[in-house]
Amino acid sequence: MNPVLQLSSQDWLSLFNHFASLSLLAVGGAITTAPDMHRFLVDETRWLSEAQFTSSIALAQAAPGPNILFVALMGFNVGLNAGAGLGGGWVSVGLASLGVVVTMLGIMLPSSVLTYTATRWAHQHREKLGIRAFKSGMAPIVIALLLATAWLLTLSHNQPARDWPVYALTALTTLVVWRTQVHMLWLIGLGALLGALGWV
Amino acid sequence: MPELILLNRPHSKTDIFVSFTLLALQGFGGVLAVVQREMVEKKRWMTNEQFIEDWAVAQIMPGPNVINLSLMIGGRYFGLPGALAGLAGMLAAPMVVVLLVAVAFGGVSDQTWAQGALRGMGAVSAGLIAAVGLKLMSALRSNPMGMPVCVVLATASFVGVGVLRWPLAYVLLATGLVACSWAYLQLARQATQASGTP
């Protein structure tokens, strides 16, 4: 069991401030700011262990829902560490919930306010040449970024001799989803099964 | 020329909340692929062209892309309450699920099969994202820049981010600036041609 963290209200505030300050920097997804979260939570304050940090990201990506929930998991773990882990009863649950609220509000509030205001404005002026040029111009780039994301995710398994089944599974999924209407949950289930059996 | 497609629209804020909750809960390894399939192919709230335009904006704005998209879609139909309904749908139920998964996974995280399952699901979710990219390509046909220019811009962005691994912000700034200026010129030219030939 981890030693119990002592977090003052000042500490909770600086936790909020850190995530709020990263919120507006998170262009292209909050995951791009993960290195800075690591610096703050693991290296500087030691509020999270290395393993907690990594598993927060991996779990949020595997679980359903937006990947931004890795931030909620980090807040959850900070709160658990401030209580007495999962064995700490309601105090732990309370602190973990506080961690979720503080970190999620921090990462979501600034960017959501900006996005909502800016896109309202853009929608009201959607017939303006500049807005239409922006949307048309960005279309091919956005497609390229999607393909690049998939590419980088695949290449994060970087030993072809061992990882080729992973590549094959990704390629197969791409084809099936592109060309058919098979429900995606079947494919996710298949991936989990093949992985659990050690075939990919 | 754009063909006429009959589009639906959400009935109510509850419809928005429930729709986004359901699609978020299906989104393993990210929600984008599910959003495209549900919004465009099943519910027909928008066309592929509109989806890619919204997605471009959602991606450029800071904050999580799919969350931005839910704010935009909800806000378009029902203003601020709609945006909040979309946001809440996207986050509330999945947050409960992910916390439960984290607690449950804490017990089995060392097992090889659990690690393997994560690996397999990761491979599938990479494929889902790639498939969305391929599907959206058809939307480029009506792009005012023309297909060849689109292909060049897309290739340049892919190489910058995926192969050379340059920072996203720089690549976006460079290719985006070229693309938007070129699109502006083309649209302006179309506009003068349209007004010149009555």
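Me: Why is Cys150(B) called buried?

Reply: Count the neighbours. A residue is buried if 20 or more other C-beta atoms lie within 10 Å of its own, exposed if 12 or fewer, and partly exposed in between, with C-beta atoms placed from the backbone. Cys150(B) has 25 such atoms within 10 Å, so Cys150(B) is buried. This is a predicted model, in which local features need pLDDT of at least 70, side-chain atom pairs count only at pLDDT 80 or more, and totals for chains, interfaces and linings use all residues. Residues are numbered from 1 along each chain as its sequence is written, while chains are lettered from A and ligands numbered from 1 in the order in which they are written.

Me: Where does Cys150(B) lie, and what does Cys150(B) touch?

Reply: Cys150(B) lies in helix 6 (residues 147–163) of chain B. Helices (H or I, at least four residues) and strands (E, at least two) are DSSP runs, numbered from the N terminus. Not counting residues up to four places away in sequence, Cys150(B) touches Pro140(A), Leu140(B), Asn143(B) and Met145(B). Contact means that two C-beta atoms, placed from the backbone, lie within 7 Å. The C-alpha atoms of Cys150(B) and Leu140(B) are 7.3 Å apart, and the two residues are 10 apart in sequence.

Me: How do you know that the length of helix 8 of chain A agrees with its residue count?

Reply: The expected span is 1.5 Å times one less than the number of residues. Helix 8 of chain A has 13 residues, so it should span 18 Å; its end C-alpha atoms are 18 Å apart, which agrees. Its buried residues include Met184(A), Leu187(A) and Ile188(A). The buried residues of helix 8 of chain A pack against helix 7 of chain A, and also against helix 1, helix 2 (32–42) and helix 5 of chain B. Just after helix 8 of chain A, Gly198(A) has a positive phi of about 80°.

Me: What makes up the largest nonpolar core?

Reply: A nonpolar core is a set of buried Ala, Val, Leu, Ile, Met, Phe, Trp, Tyr and Cys residues joined through C-beta atoms within 7 Å. The largest one has 118 residues, and Val71(A), Leu73(A) and Val142(A) touch the most other members. Helix 4 (residues 65–108) of chain B gives the largest share, 15 residues. Beyond four places in sequence, Leu73(A) is in contact with residues including Leu59(A), Val98(B) and Ala102(B).

Me: How many residues of each chain meet, and of which classes are those of chain A?

Reply: 81 residues of chain A are in contact with 89 residues of chain B. Helix 6 of chain A gives the largest share of its chain's side, 25 residues. That side of chain A has 54 nonpolar, 24 polar and three charged residues. Ala, Val, Leu, Ile, Met, Phe, Trp, Tyr, Cys and Pro count as nonpolar, Asp, Glu, Lys and Arg as charged, and the others, Gly among them, as polar.

Me: How many helices and strands does chain B have?

Reply: Chain B has seven helices and zero strands. Of its 198 residues, 49% count as buried.
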